[in-house]
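Reader: I have the model open next to me. Could you walk me through a few parts of it?

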Amino acid sequence: TTTNMAIKFEKTQVKGGFPVFWRGEREVLPGDFALKGTYPEGTILKEGTPLKLDFENMQCTICKSARIVEGGTTTKPRVVKGSMFQINDPIKVGESSGTVKGISTTNESYDEITLSAAMTEAVAGADLLGGDEMPDAVIETTKKYTTTNGFPTVSAAYGARILKDVVYPIPAAWLQGFSLKNNHEIKYIRQ
């Protein structure tokens, strides 16, 4: 008997095989940080995702941003796939602020975020920000978000050279030169 084996190839937007951290090197903080906020079960928390740490309570918040691309509107901007925004999250661009009313991930080239009201500065090239949190660390190891075993936690890196073409686009407002404003030990470089 003959068995036919088929391989199914899936298209993805990720630069395959490229590490987030230059030479895989990063400086890791001891202990894990409990993640504030909720995400759908199974959400991938990617290494290199910006965090705001709360050492007092050993907690952290994901600093959310979305880079706007061509073709959307000021109420429904199209963004680079893979932002961490969730429905009801606060969102701002320039002087405008509101909340996320919906997120469509059905298009393979971009995601579409529905805003609570039109934001005139929500144009291609701008960054939607999830509030005033400024990152001071990044997720050190990729893991799945799950509440099965209690509070979801992540390990945090305080020092790293991150390949900026591999991670989600970092807003200029979070940078000073090529370093994170609130932590110059984290640098965004090209290989």
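**Strands, cysteines and a pocket**

Author: Strand 6 and strand 7 (residues 78-79) pair in the antiparallel sense over 2 bridges, where strands are DSSP runs of E of at least two residues, helices are runs of H or I of at least four, and both are numbered from the N terminus. Two strands count as paired if DSSP finds at least two bridges between them. This is a predicted model, in which local features need pLDDT of at least 70 and side-chain atom pairs count only at pLDDT 80 or more, while totals for chains, interfaces and linings use all residues. Residues are numbered from 1 along each chain as its sequence is written, and side-chain values use heavy atoms, with hydrogens and water left out.

Reader: Which residue stands opposite Val69 in strand 7?

Author: That is Arg78.

Reader: And how many bridges join strand 6 to strand 11?

Author: There are 3 bridges between strand 6 and strand 11 (residues 127-129), and the two run antiparallel; within this pairing, Ser65 stands opposite Leu129.

Reader: Is Ser65 buried or exposed?

Author: Ser65, which belongs to strand 6 (residues 65-69), counts as buried because its relative accessibility is 7%, the classes being buried under 20% relative accessible area, exposed over 50% and partly exposed in between, with a 1.4 Å probe and protein chains only. Leaving aside neighbours within four places in sequence, Ser65 is in contact with residues including Ser83, Phe85, Leu128, Leu129 and Trp174, contact meaning heavy atoms within 4.5 Å.

Reader: Changing topic, how many disulfides are there in the whole structure?

Author: A search of the whole structure finds 0 disulfides, a disulfide being a pair of cysteine sulfur atoms within 2.5 Å. Cys60 is in none, and the nearest cysteine sulfur to its own, that of Cys63, is 9.2 Å away.

Reader: What about the second largest pocket, what is its volume?

Author: Its volume is about 200 Å³, taken as the space filled by probe spheres set on grid points that are joined across faces, edges and corners. On a 1 Å grid over the protein atoms alone, a pocket is an open set of points where a 1.4 Å probe fits, with protein on both sides within 12 Å along at least five of seven lines, and lining residues have an atom within 4 Å of a point.

Reader: Which residues lie nearest its centre?

Author: Of the 15 lining residues, Tyr39, Thr61, Ile62, Lys64 and Asp89 lie nearest the centre. The lining divides into 5 nonpolar, 6 polar and 4 charged residues, with Ala, Val, Leu, Ile, Met, Phe, Trp, Tyr, Cys and Pro counted as nonpolar, Asp, Glu, Lys and Arg as charged, and the others, Gly among them, as polar.

Reader: Last one: where does Phe178 lie?

Author: Phe178 lies in the loop between strand 16 (175-176) and strand 17 (179-180), and it counts as partly exposed because its relative accessible area is 47%. Leaving aside neighbours within four places in sequence, its contacts are Ile186, Lys187, Tyr188 and Ile189.
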